[in-house]
Amino acid sequence: MNFLENNFKWFFAFLALVIIYKFLKDYLSYQNKNKFLSRNDSIKSDILKVKLQAYERLALFLERISLTNLLTRVPPISTKKEDYQYLLIQTIEQEFEHNMLQQIYVSEECWNIILTAKNSNIQYIRNCDTSNNTLTADKFRELVLTMTINDTSSSGVALSYLKNEVSKLTSL
């Protein structure tokens, strides 16, 4: 009988150890899973912040290259229309170079729309009054400002798309 009692005690001790081991294993697994999920949420939050900053920078870029803002901000450097056109195009290209890295944070379609807006503005400057080469830089500036008042701005279209993409991103 002593032998059975002794084996019975060992059996319950072993069973208790197995149960404790199982509870500890499950508890530690649960803790690790929670840490992973909270770290994952933190990473997602950080990525969202960086993406939103990229969208902000691209929105600022589009505002800065919109023709009315560009022409208001960048005065002519000489009386020659060609010099002013070159300066405006160079300003757009420099703004673009400063924001080129933001493409990794936006969709490919959004980036293509931003590129189209940039290229459209450059083309608009090049094509504006190609028939009249006698314009001075100031007259050219006035002409472009007058012509852009009634036109749909490519920068405005791109900015609308950008805002739409941000609203989708933040509603998730």
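Phenylalanine 12 is partly exposed, with a relative accessible area of 42%, where buried means under 20% relative accessible area, exposed over 50%, and partly exposed in between (1.4 Å probe, protein chains only). This residue has its place in helix α1; helices here are DSSP runs of H or I with at least four residues, strands are runs of E with at least two, and both are numbered from the N terminus. The model is a predicted one, in which local features need pLDDT of at least 70 and side-chain atom pairs count only at pLDDT 80 or more, while totals for chains, interfaces and linings use all residues. Residues are numbered from 1 along each chain as its sequence is written, and side-chain values use heavy atoms, with hydrogens and water left out.

Together with Phe8, Phe11, Leu15, Ile19 and Phe23, Phe12 forms a nonpolar patch on the surface, and the accessible area of these residues together is about 620 Å². Patches are made of residues with over 30% relative accessible area and no salt bridge, like charges being joined within 9 Å and nonpolar side chains (Val, Leu, Ile, Met, Phe, Trp, Tyr) within 5 Å. Accessible areas come from the Shrake-Rupley method with a 1.4 Å probe, and for residues only the protein chains shown count as cover.

## The chain as a whole

The chain has six helices and zero strands, so that its pattern, read along the sequence, is α-α-α-α-α-α. Of its 172 residues, 26% are buried, and the accessible surface of the chain comes to about 12000 Å², with 60% of that surface belonging to carbon and sulfur atoms.

Contact is taken to mean heavy atoms within 4.5 Å. Among the contacts between residues at least 6 apart in sequence, 77% join residues that are at least 24 apart.

## The largest nonpolar core

In soluble globular proteins, nonpolar side chains tend to be buried together. A nonpolar core is defined as a set of buried Ala, Val, Leu, Ile, Met, Phe, Trp, Tyr and Cys residues joined through side-chain atoms within 4.5 Å. The largest such core in this model holds 29 residues, of which Leu62, Leu88, Ile114, Ile125 and Leu162 touch the most other members. At least two residues of this core come from each of α1 (2-65), α2 (67-73), α3 (81-99), α4 (108-127), α5 (137-150) and α6 (154-170), and α4 gives the most, with six residues.

Which residues is isoleucine 125 in contact with, leaving aside its neighbours within four places in sequence? They are Leu67, Leu70, Gln85, Leu88, Ile89, Ile92 and Phe140.

## Salt bridges

A salt bridge is counted where a side-chain nitrogen of Lys or Arg lies within 4 Å of a carboxyl oxygen of Asp or Glu, and by this rule there are four. One of them joins the side chains of aspartate 26 and lysine 22 at 3.1 Å, N to O; both residues lie in helix α1, four residues apart, which is about one turn of the helix. Aspartate 26 is partly exposed at 38% relative accessible area, and lysine 22 also counts as partly exposed, at 47%.

Arginine 73 forms a salt bridge with glutamate 95, their closest N and O atoms being 3.7 Å apart. Because arginine 73 lies in helix α2 and glutamate 95 in helix α3, the pair ties together parts that are 22 residues apart in sequence.

Cysteine 110 is buried at 1% relative accessibility, and cysteine 128 is buried at 3%. With a disulfide defined as a pair of cysteine sulfur atoms within 2.5 Å, the count of disulfides is zero.

Serine 155, found in helix α6, is buried as well, with a relative accessible area of 2%. Leaving aside its neighbours within four places in sequence, serine 155 is in contact with Leu62, Ile65, Ser66, Ala117 and Asn121.
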